[in-house]
Amino acid sequence: MKHIFSVTQINSYIHRIFESDYALKKVYLKGEVSNCKYHSSGHIYFTLKDEKSSIRCIMFSSDRWKGLTFSLADGQSVIVCGNISVYEQTGTYQMYAREIELSGKGDLYIQYEKRKQELSRKGYFDFERKKSLPPYPEKIGIVTALTGAAIEDIKSIAKRRNPGIQLYLYPAKVQGEGAAYEIAEGIRFLDRIDMDIIIIGRGGGSIEDLWAFNEMAVADAIYEAQTPIISGTGHEIDMTIADYCADVRAATPSAACELAIPDIMSLFTRLENFRDILNQEMKDRIIRYQKQYLALEKELTAFRPDQKLLLQKMQYQQLKQQLFSVMKDKINVEKGQFQTLLDRLSALSPTQRLRGGYVFVQNQVGKPVVSVDGVTKGEEMTLTFSDGTAQVLPISTKKEILMN
């Protein structure tokens with residue numbers, strides 16, 4: 001009958017085998033560091049490799065503080081002391097590092113770390129003392145080798161970005177004996193002749209190749225310079241002392257040149273854009289001010305005395321015409337009413353009645369004779385007709401005739 005194991009059982013069994021092997025309890029491994037990661041917990045995870053193989057490693061934070069005296073980074077050649085065991089959850093074996101020391105280049109790294117800490121305490125790396133790069137430099141000094149890729153790249157980039165820029169090369173050794181002195185002398189010389197920016201660097205290399213940029217002579221020259229300095233040593237992983245001291249650090253000399261020299265064509269394009277924006281803004285302002293001018297002119301015209309007088313005259317004429325029209329209409333109405341009353345009065349007038357054949361009789365003293373009794377025979381009377389008067393003498397009266 002087959003005996004079936006679980007994955008946990010197998011991993012646990014293999015772990016016990018590793019733990020019981022005395023040869024794996026304390027092992028020294030030499031190799032190159034890669035995939036180095038510092039975890040927030042304080043643990044360090046990395047891979048140790050040689051030409052053919054690799055092994056995963058971990059250094060716990062509890063071991064790190066006493067077993068590691070430098071900053072672990074990719075590319076370093078180290079000797080790791082620790083034990084090898086199995087991590088049961090994933091079934092993978094790895095080395096648990098307790099001590100790590102540099103191998104071969106160790107002395108240089110230790111010297112580098114000590115110098116970096118010393119200069120940091122002295123304020124060589126302080127951010128407050130770093131100088132800003134001028135936005136539009138005219139003269140750029142360069143300290144690098146007379147021949148090589150670095151200076152050729154810088155010339156090519158400068159010609160492309162701004163053909164009018166002036167480059168001043170101070171040829172100096174960038175590695176080997178006396179290189180640090182020449183680099184420092186180049187910085188001081190270019191600083192004295194009023195460069196706008198100084199670029200120092202080379203095209204990368206090993207720690208030995210870059211060691212001139214870690215020397216105190218270079219650090220002092222950078223620290224004492226009045227001119228802004230860009231350091232570009234072409235080494236992405238490890239920064240040199242010169243990188244820390246410089247006002248600006250670039251990954252390569254080419255990158256340093258691009259930081260120092262503004263792209264003139266891009267600048268022209270920006271200026272054209274600004275010009276277009278400015279022209280449009282001016283047009284908008286002119287239109288806005290024209291509208292304001294017309295509004296103010298209209299308002300001012302309304303307050304001019306002659307215009308106000310003219311307006312009042314026009315209003316006077318309008319009111320006059322309205323008054324005349326109203327008065328005319330009212331007179332016509334009154335005339336109509338007057339004529340009506342006149343016609344009514346005329347109809348009631350005695351004179352009007354005289355036109356129908358009636359007469360108005362008065363005695364000698366002008367008293368109206370309204371009855372035949374008022375007529376005396378032989379006494380003169382006045383007869384008023386519609387068109388005149390007549391004096392008459394009554395020769396008889398109707399009453400007498402009727403009595404006869």
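Let me start with a term: buried means under 20% relative accessible area, exposed over 50%, and partly exposed in between, using a 1.4 Å probe and protein chains only. Arg192 is exposed, because its relative accessible area is 57%.

Quick ground rules. This is a predicted model, where local features need pLDDT of at least 70, side-chain atom pairs count only at pLDDT 80 or more, and totals for chains, interfaces and linings use all residues. Numbering runs from 1 along each chain as its sequence is written, and side-chain values use heavy atoms, with hydrogens and water left out.

Back to Arg192. Arg192 sits in helix 5, residues 179-192. Helices here are DSSP runs of H or I, at least four residues; strands are E runs, at least two; numbering goes from the N terminus. The chain has 12 helices and 13 strands.

Now, distance. Arg192 and Tyr289 are 97 residues apart in sequence. C-alpha to C-alpha, 54 Å separates Arg192 from Tyr289 in space.

On to the whole chain.

Burial next. Of the 404 residues, 33% count as buried.

Last, contacts, meaning heavy atoms within 4.5 Å. Take those with a separation of 6 or more: residues 24 or more positions apart account for 60% of them.
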